[in-house]
Amino acid sequence: MIALGIIGDGHHAQALRAHGAPLGEIRLVDPPGRDWRDIATDTALAAVLVDLPDAAGLAAIGAALGAGKTVISAPCPARSSAELAGLHAAAKSGGGILLPGGELTHGEAARRGLAVVAGAEFGALTSLYIAIRQPRGRGDVLDDLAPEAIGFITAAIADDFPSVRVNAGGLFGGGRDSAVILLRSAGNVVVTVELAKCLPASLPAPGLGEIEIEAIGTNQAIRITPLDSAVRVHRDDGIGMRPWLDAAVLAMLGEVAAPPDGGLERAARNAGLFSAIRAAA
């Protein structure tokens with residue numbers, strides 16, 4: 001078992017604390033009231049999730065890397081070459097491993113979409129479009145939303161980006177609340193990113209917000225909308241769906257290898273309760 005500690009109280013940390021279900025090979029160690037410095041250097045912990053903002057998060061990541069831990073972090077824990085050099089030095093001295101995460105890249109729909117893009121049937125990626133929209137509010141749209149888009153882009157495209165253009169400004173009364181980013185990779189993949197804090201408060205936008213991702217390859221194209229239940233794969237001969245919410249039948253098939261006891265008894269109880277409900281109607 002891998003003992004993992006939690007540093008911070010962001011939405012990833014809250015989701016992990018509230019998960020409740022078993023985590024496979026991960027054993028969560030999260031006693032209340034511990035200082036992050038103690039958690040980052042605790043020899044009993046092999047890994048930590050760091051979910052602190054800005055300088056505090058960077059310091060915690062560096063301390064944990066220096067203590068030899070595997071560290072799960074935000075997509076862009078370092079925002080400058082000097083900060084990145086500090087993380088490299090910490091990892092080299094302590095032997096720690098950094099795993100940049102991200103709500104977008106590691107969400108079920110995006111992970112399945114990335115698997116489609118990486119497949120031979122998709123062909124070479126030629127164009128990528130990402131839009132992230134959140135309700136109107138304060139905060140710099142580049143600082144708040146661009147790291148999530150970047151995490152997906154670098155997961156899909158291994159090339160560097162020699163051409164970067166950004167048009168950002170304030171359109172909805174929240175400071176710099178909108179931006180359009182145009183990228184071209186060394187392999188000539190064109191990337192367009194639209195970021196905006198533009199949605200009215202009455203429009204539901206759970207999690208990261210309203211997200212659209214489109215990727216075009218030489219053979220196929222896909223459309224990912226994480227609030228839906230599937231990734232759409234477009235081909236010349238039609239549209240295919242790659243569900244990212246598993247159908248219940250898959251869990252039913254999972255019982256074939258290790259059938260639970262009492263199946264007939266459960267069916268009998270179900271039938272009895274159904275009969276009673278019909279009779280009472």
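**Cysteines.** I looked up Cys 76 first: its relative accessibility is 19%, so Cys 76 counts as buried. The cut-offs I used are under 20% relative accessible area for buried and over 50% for exposed, with partly exposed in between (1.4 Å probe, protein chains only). Cys 198 is buried because its relative accessible area is 15%. I found zero disulfides in the structure, a disulfide being a pair of cysteine sulfur atoms within 2.5 Å.

**Ground rules.** The model is predicted, and I kept to its limits: local features need pLDDT of at least 70, side-chain atom pairs count only at pLDDT 80 or more, and totals for chains, interfaces and linings use all residues. Residues are numbered from 1 along each chain as its sequence is written, and side-chain values use heavy atoms, with hydrogens and water left out.

**Parallel sheet.** I traced an open sheet of five strands in the order E2-E1-E3-E4-E5, with parallel pairing. Its edge strands are E2 (26–29) and E5 (97–100), each of which pairs on one side only. On average, neighbouring strands of this sheet are turned by 25 degrees against each other, direction ignored. For this angle, axes are lines fitted to C-alpha atoms (for helices over the stretch in contact), and angles run from 0 to 180 degrees between N-to-C directions. Strands (E, at least two residues) and helices (H or I, at least four) are DSSP runs numbered from the N terminus; two strands pair if DSSP finds at least two bridges between them.

**Strand E4.** I then went along E4 (residues 70–73). E3 (residues 47–51) pairs with E4 in the parallel sense over three bridges, and Val 48 stands opposite Val 71. From E3 the chain crosses through H3 to E4 in a right-handed β-α-β crossover. I call a crossover right-handed if, with the strands pointing away from the viewer, the path from the first strand over the helix to the second runs clockwise.
E4 and E5 also pair in the parallel sense, over four bridges. In E5, Leu 98 is the bridge partner of Val 71, and Leu 99 is that of Ile 72. The chain passes from E4 through helix H4 (residues 81–94) to E5, and this β-α-β crossover is right-handed.

**Helix H5.** In H5 (residues 108–118) I listed Ala 109, Ala 110, Gly 113, Leu 114, Val 116 and Val 117 as buried. Seen down the axis of H5, these buried residues fall within an arc of 155 degrees, so they line one face of the helix. The arc is taken over the directions from the helix axis to the C-beta atoms. On the other side of H5, Ala 115 and Ala 118 are exposed.

**Ile 181.** This residue is found in strand E8 (residues 178–184). Ile 181 counts as buried because its relative accessibility is 11%. Leaving aside neighbours within four places in sequence, I found Ile 181 in contact with Leu 142, Arg 165, Val 166, Val 191, Thr 192, Val 193 and Leu 195; contact means heavy atoms within 4.5 Å. Thr 192 lies eleven residues from Ile 181 along the chain, and their C-alpha atoms are separated by 5.8 Å.

**Positive phi.** Most residues other than glycine have a negative phi. I noted Asp 54, not a glycine, with a positive phi of about 55 degrees. Asp 54 is in helix H3 (residues 54–66) and counts as exposed because its relative accessibility is 69%. Asn 188, also not a glycine, has a positive phi of about 70 degrees; I located Asn 188 in the loop between E8 and strand E9 (190–199).
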